[in-house]
Amino acid sequence: MNGLRLRLNHEDVEIQVRDPAATLLDVLRDDLGLTGTKSGCAIGYCGACTVIVDGEAVPACLLMIGLLEGREVRTIEDLNGPEGLDPVQAAFVRRAGLQCGFCTPGHVMALRALLDEDPEPDDERIRRTVDGNYCRCTGYVKILDSAREAVATQGKRAGATTPAERRR
């Protein structure tokens, strides 16, 4: 396969892909060194590999890289900018929404996609989003507290008009 062009973490990139049927997860981790996205169940069930593609939270283990020509992909590495942590990441730190941290990137990316789509989701939407990601260490209380704090923090920035401005 020739080079595959996509937008990765706000940069246009061209990737030389050996196997178009390789998963996005494998390409991110093995070829691009973006190891923040974790490999969990490899069947799209646990949410550990959640990334954002064209604004939607999706499991990277189920996406074939050959189908991503021209698409926009965001990984956990995109969220920590020069201004510091994304509000979702900061809320996880403040609320101790993690223990071993393995599932945290998936939770953060799923919640980031939710907040980009709906800056003020109700508790039911937050719960449904968190429900799509497994955590074997916590009881989800601190993860939900983190999510609620991220919503509150983002709400304080309601004057911002773009997702990037809201993350600051």
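The largest pocket of the predicted model has a volume of about 320 Å³. A pocket is an open set of points on a 1 Å grid over the protein atoms alone, with protein on both sides within 12 Å along at least five of seven lines. Grid points are joined across faces, edges and corners, and the volume is the space filled by probe spheres set on them. The lining comprises 19 residues, of which Thr50, Ala57, Ala110, Thr129 and Asn133 are the closest to the pocket centre; a lining residue has an atom within 4 Å of a point. Strand β4 (56-59), α3 and α4 each give two or more residues to this lining. By class, the lining holds 8 nonpolar, 7 polar and 4 charged residues. Ala, Val, Leu, Ile, Met, Phe, Trp, Tyr, Cys and Pro count as nonpolar, Asp, Glu, Lys and Arg as charged, and the others, Gly among them, as polar.

Helices α3 (residues 104-117) and α4 (residues 123-131) pack at about 145 degrees, with axes 9 Å apart. Axes are lines fitted to C-alpha atoms, for helices over the stretch in contact, and angles run from 0 to 180 degrees between N-to-C directions. In α3, His107, Ala110, Leu111, Leu114 and Glu117 meet Arg125, Ile126, Thr129 and Val130 of α4; contact means heavy atoms within 4.5 Å. These residues divide into 5 nonpolar, 2 polar and 2 charged.

Overall, the protein has 6 helices and 5 strands. These are DSSP runs numbered from the N terminus, helices (H or I) of at least four residues and strands (E) of at least two. Their order along the sequence is β-β-α-β-β-β-α-α-α-α-α. The C-alpha atoms fill a box of roughly 45 × 35 × 25 Å along the principal axes.

Residues are numbered from 1 along each chain as its sequence is written. In this predicted model, local features need pLDDT of at least 70, side-chain atom pairs count only at pLDDT 80 or more, totals for chains, interfaces and linings use all residues, and side-chain values use heavy atoms, without hydrogens and water.

Notes
On a 1 Å grid over the protein atoms alone, a cavity is a set of points where a 1.4 Å probe fits but cannot get out, and a pocket is an open set with protein on both sides within 12 Å along at least five of seven lines; lining residues have an atom within 4 Å of a point.
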